Amino acid sequence: MLELLTQTFNASLIAVTQLFLSSVVTSNPWFENLELQYSGVKHEIVCNTKLANSFTETLDDVLLSGENITLHFKFELFTPGEATPIQAKEIINGFRYDKETESYYLFNSETQELERFFTMEAAKDTYISVINLVVVNTDNLSDDREYFLKVTAFLDPIKLDDMSESVNLMLRWASVKPTIISDKFQIQAKAT
């Protein structure tokens, strides 16, 4: 009997938690900038970008859950009129709050470094930013063609304690993946 009551309580807790998480206020994040820099010497394009309007109170609560919250940035290089990217790259920023040390940790898949922050604001600012990331190798690109870069961001679902199903964090972003597309550009002639 006690086991049945425990299961019923857990099922009720899960249902209430899902209801709470599904009825939250959402945000509509967007990229506030997209800066591309071309290096003819290194044959690469470097990107800087940042999400804006990314957080709500409920998403902040999820960030404080102690679970690893992953944010993906996907970079795709296209030529106009083509549906398939010429090059693609994806990085993942992982966010985790440690309740014992009251510290925020960020892991970047590109650098493979773990950074520690002591304020949530500093951690969140780094979490939603891409700084000096090499996104395109220009060795095999033509000087006389035009290109553009498409950047998309999305959050992975998470599984919170005492919940049987995952929580879709994209619901916090009105289920829309923020996307920005650069202006068309050409690769400058390479030095000989």
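The model is a prediction in which local features require a pLDDT of at least 70 and side-chain atom pairs count only at pLDDT 80 or more, whereas totals for chains, interfaces and linings use all residues. Residues are numbered from 1 along each chain as its sequence is written, and side-chain values use heavy atoms, with hydrogens and water left out.

The chain contains three helices and 10 strands, where helices (H or I, at least four residues) and strands (E, at least two) are DSSP runs numbered from the N terminus. Along the sequence these elements are arranged as α-β-β-α-β-β-β-β-α-β-β-β-β. Of its 192 residues, 40% count as buried, that is, under 20% relative accessible area, with exposed meaning over 50% and partly exposed lying in between (1.4 Å probe, protein chains only). Among contacts (heavy atoms within 4.5 Å) between residues at least 6 apart in sequence, 65% join residues at least 24 apart. The chain exposes about 11,100 Å², of which carbon and sulfur atoms supply 51%; accessible areas come from the Shrake-Rupley method with a 1.4 Å probe.

An open sheet of three strands has the order β1-β2-β7 with antiparallel pairing, two strands being paired if DSSP finds at least two bridges between them. Its edge strands, each pairing on one side only, are β1 (30-39) and β7 (129-137). Neighbouring strands of this sheet are turned by 25° against each other on average, direction ignored, with axes taken as lines fitted to C-alpha atoms. Strand β2 (residues 44-52) is joined to β7 by six bridges in an antiparallel arrangement, and Glu44 stands opposite Asn137 in β7.

Most residues other than glycine have a negative phi. Asn53, however, has a phi near 55°; this residue is found in the loop between β2 and α2 (57-63) and, at 44% relative accessibility, counts as partly exposed. A positive phi of about 50° also occurs at Asn132, which is found in strand β7.

The largest pocket has a volume of about 280 Å³. On a 1 Å grid over the protein atoms alone, a pocket is an open set of points where a 1.4 Å probe fits, with protein on both sides within 12 Å along at least five of seven lines, and lining residues have an atom within 4 Å of a point; the volume is the space filled by probe spheres set on the points. Of the 15 lining residues, the closest to the pocket centre are Asn108, Glu115, Thr126, Ser129 and Ile131. The elements that give two or more residues to this lining are β4 (87-98), β5 (103-108) and β7, with β7 giving the most, at five residues.

Technical notes:
Axes fitted to C-alpha atoms, helices over the stretch in contact; angles between N-to-C directions.
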